[in-house]
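This report describes a protein model for a reader who is new to it. The sequence and the structure come next, followed by notes arranged by region.

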Amino acid sequence: MNGRQVRTRFKGAALAVAGLLALTACGGGGGGTADASAKSDKSGDKAASATRSVKHDAGTAEKVPAQPKRIVSVSVTMTGHLLALDAPVIASQATPPSVITDKQGFFTQWSDAAAKNSVKVAYQGFEPDVEKVLALKPDLIVGASSGAENAEKFYDKLSVVAPTLLYRHDDVSWQDLTARLGKDLGLEKRATEVVAAHDKRVGEVKAAITVPTQSAALVRDNQSAMTVFTPESAQGRLLTSLGFTVLEPPAGKGQTQGGRSDFAEFSQEKVADTAKDSSLLFVSHTPEEITAATARPVWKELAAVKDKRVYGLGLDTFRLDYYSAGNLIDKIEKAFG
């Protein structure tokens, strides 16, 4: 082998070694990044696919996503609570449009939030349309186990579509329900923030108002009967937190519905015996409806009517959530501030 051949072979070997080193370095760096990326993806996938069991008011749901991405609400009442939590609601049950809803049948107190979050109408009516819910491909269904939209008898069918959680909203404050939803949906931090903001507002208004010395009767005129909301109702608890003494309806004289503890109904003839000297705070009435009610013989002789201690709490106060509770507080501040 001559000198030229030695130099050529040496040069080729050097190039091969350099190439191998470069390839190894590239492969090592790329492989490390790919491995890290793969681990990250797997970690993200694991978090996204993590599930758990959740006990709710209609049983225990299995395989509930720890981080749900597509929630369908089969309760127009529950939708307000979910939106306040910034939960990923993609669609909701709607009611027939009325004075307390927008054109779609969403409650006015949160219809703007629904529009902002592009929430669709899943179906209209109180019975769940399982086929329409299925078409929305939810990874979680949330509904009610009380009220007109009680979905308990549809629970088995809904659970086939996706894990389903149903909650009573009649015998619990909206704050407690918000905290429970936050825990069950992995949104505890947001739930705490929502309740804290509300409590701050309550404290501010309580310090700025003068409440009547008489008890406050939370009433709803049904023309054939009178509904009285109890201190245990969401409305009663909110008024109590603002410093009011809420009327406890006479025991054994009213009729409750489905074991509900939030209100009782009394015949119109018993208005005077029931309300007595209480101030009257009308739940979910227009001013015209309140005027018509208090003009009836059974109402107009009440001390509250004669003394002009009659107040409207707004149309959206029949079902309280973060939004309607805020509106009610505004009404109280204006009336008693």
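Val 305 counts as buried because its relative accessibility is 19%; buried means under 20% relative accessible area, exposed over 50%, and partly exposed in between, with a 1.4 Å probe and protein chains only. The residue belongs to helix H12 (residues 303-306). Helices (H or I, at least four residues) and strands (E, at least two) are DSSP runs, numbered from the N terminus. The model is predicted: local features need pLDDT of at least 70 and side-chain atom pairs count only at pLDDT 80 or more, while totals for chains, interfaces and linings use all residues. Residues are numbered from 1 along each chain as its sequence is written, and side-chain values use heavy atoms, with hydrogens and water left out.

Leaving aside neighbours within four places in sequence, Val 305 is in contact (heavy atoms within 4.5 Å) with Leu 280, Thr 294, Trp 299, Lys 300 and Val 310. Ser 278 is 27 residues from Val 305 along the chain, and the C-alpha atoms of the two are separated by 9.9 Å.

Trp 299, one of the contacts of Val 305, sits in helix H11 (residues 297-300). Trp 299 is buried, as its relative accessible area is 0%. Apart from neighbours within four places in sequence, Trp 299 is in contact with Val 219, Asp 221, Met 226, Gln 268, Val 271, Leu 280, Phe 282, Ala 293, Thr 294 and Val 305. The C-alpha atoms of Trp 299 and Lys 270 are separated by 9.9 Å, and these residues are 29 apart along the chain.

## The whole protein

The protein has 13 helices and 12 strands. It consists of 337 residues, of which 44% count as buried. Among contacts with a separation of 6 or more, 64% are between residues 24 or more positions apart.

The accessible surface, from the Shrake-Rupley method with a 1.4 Å probe, comes to about 17,100 Å². Carbon and sulfur atoms account for 54% of that surface.

Helix H2 (residues 76-84) packs against H6 at an angle of about 70°, and their axes are 10 Å apart. H2 is therefore roughly perpendicular to H6, a term for angles of 65 to 115 degrees. The axes are lines fitted to C-alpha atoms, for helices over the stretch in contact, and angles run from 0 to 180 degrees between N-to-C directions. On the H2 side the contact is made by Met 78, His 81 and Leu 82; on the H6 side, by Trp 174, Leu 177, Thr 178, Leu 181 and Leu 185.

Ser 173 is in the loop between strand S7 (164-167) and helix H6 (174-185). Ser 173 counts as buried because its relative accessibility is 6%. Its side chain reaches the backbone nitrogen of Asp 176 at 3.1 Å.

H2 also meets the buried residues of H3, which pack against H2, strand S4 (89-94) and helix H13 (322-336). In H3 (residues 108-116), the buried residues are Gln 109, Trp 110, Ser 111, Ala 113 and Ala 114.

## Helix H8 and Gln 235

Gln 235 is part of helix H8 (residues 234-241). Is this residue buried or exposed? Gln 235 counts as buried, because its relative accessibility is 3%. The side chain of Gln 235 reaches the backbone oxygen of Thr 317 at 2.8 Å. Not counting residues up to four places away in sequence, Gln 235 touches Leu 218, Phe 229, Thr 317, Phe 318, Arg 319 and Leu 320.

Ala 234, Gln 235, Gly 236, Leu 238 and Leu 239 are buried in H8. The buried residues of this helix pack against helix H7 (188-208), S8, S9, strand S11 (279-282) and H13.

## Positive phi angles

Most residues other than glycine have a negative phi. Lys 137 is not a glycine, yet its phi is positive, about 55°. Lys 137 is in the loop between helix H4 (130-135) and strand S6 (140-144), and counts as exposed because its relative accessibility is 66%.

Gln 223, also not a glycine, has a positive phi of about 70°. It lies in the loop between strand S8 (216-221) and strand S9 (225-229). Gln 223 is exposed, as its relative accessible area is 59%.

Terms used. A polar contact is a pair of N or O atoms within 3.5 Å; within protein, one must be able to donate a hydrogen and the other to accept it, and residues adjacent in sequence count only if both atoms are side-chain atoms. Angles under 35 degrees count as roughly parallel, over 145 as roughly antiparallel, 65 to 115 as roughly perpendicular and the rest as oblique.
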